[in-house]
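Grab a pencil and work through these exercises on the model below. Each task comes with a step-by-step solution.

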Amino acid sequence: MLLYSENVYLRPFELHDADKVRELAGEYAIAKTTLSIPNPYPEGVAEEFIRDSHEGSARKNRYMFAIVHNLDDELLGTISLNVTTEHKRGEIGYWMGKAYWGHGYTTEAARRLLKFGFEELDLNRVYAFAFSTNPASSRVMQKIGMTYAGTLIQHVFKWDQYQDLVAYGILKSAYQELTK
């Protein structure tokens, strides 16, 4: 499955992406802003990540995509939608290679994934979380129309510290109003 937008497109990961995933995710700045990316980034983790992405897509409960630049097919980062079908909701998660920060690629990819969730999967709600120490991620959520839902104080434990998570979400009805 391919999802296109103006500057990027979303595609399934392939094993040949492993070196680029390792390079991008291996940066401390990426690991610092995500819950599950280790630092240093061990050998074999990128391949496992790619295999897991295929399994989730096959089960139709986790859609993980490579974010790829339209002009040069450069892999920029990743974005996923974890779906809970019984509640018709999905959680967006993403990370972007540090060299590509500030270009709007994450926002564009998130906007396209939101469309996929509401228009193709018929979800009622899409939500996302970010570390409170990562305001750039919160700005992405705001730019795609999500509204602040609250802060979960010391909700996760990473690198020997508790982290607060900010929560954002959008209902299908609000999405439809935005896209009229």
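A crossing is left-handed if the near helix is turned anticlockwise from the far one by less than a right angle, and right-handed if clockwise. Helices (H or I, at least four residues) and strands (E, at least two) are DSSP runs, numbered from the N terminus. This is a predicted model: local features need pLDDT of at least 70, side-chain atom pairs count only at pLDDT 80 or more, and totals for chains, interfaces and linings use all residues. Residues are numbered from 1 along each chain as its sequence is written, and side-chain values use heavy atoms, with hydrogens and water left out.

**Exercise 1.** Work out how H1 and H3 cross.

*Solution.* Start with the axes (lines fitted to C-alpha atoms, for helices over the stretch in contact; angles run from 0 to 180 degrees between N-to-C directions). Those of H1 and H3 come within 8 Å, crossing at roughly 115°. So H1 is roughly perpendicular to H3 (65 to 115 degrees counts as that). Next, the hand: this crossing is right-handed. Finally, the contact (heavy atoms within 4.5 Å): H1 brings Ala18, Val21 and Arg22, while H3 brings Ala46, Glu47, Phe49 and Ile50.

**Exercise 2.** Find the strands that these helices lie across.

*Solution.* H1 (residues 18-25) lies across S4 (75-84) and S5 (89-96), at about 90° to S4. Then take H3 (residues 45-59): S3 (62-69) and S4 are its strands, with an angle of about 125° to S3.

**Exercise 3.** Trace the strand order of the open sheet.

*Solution.* Two strands pair if DSSP finds at least two bridges between them. The 8 strands run S1-S2-S3-S4-S5-S6-S8-S7, with mixed pairing. S1 (3-4) and S7 (147-158) each have a single partner strand, so one side of each lacks a neighbour in the sheet.

Terms used: Angles under 35 degrees count as roughly parallel, over 145 as roughly antiparallel, 65 to 115 as roughly perpendicular and the rest as oblique.
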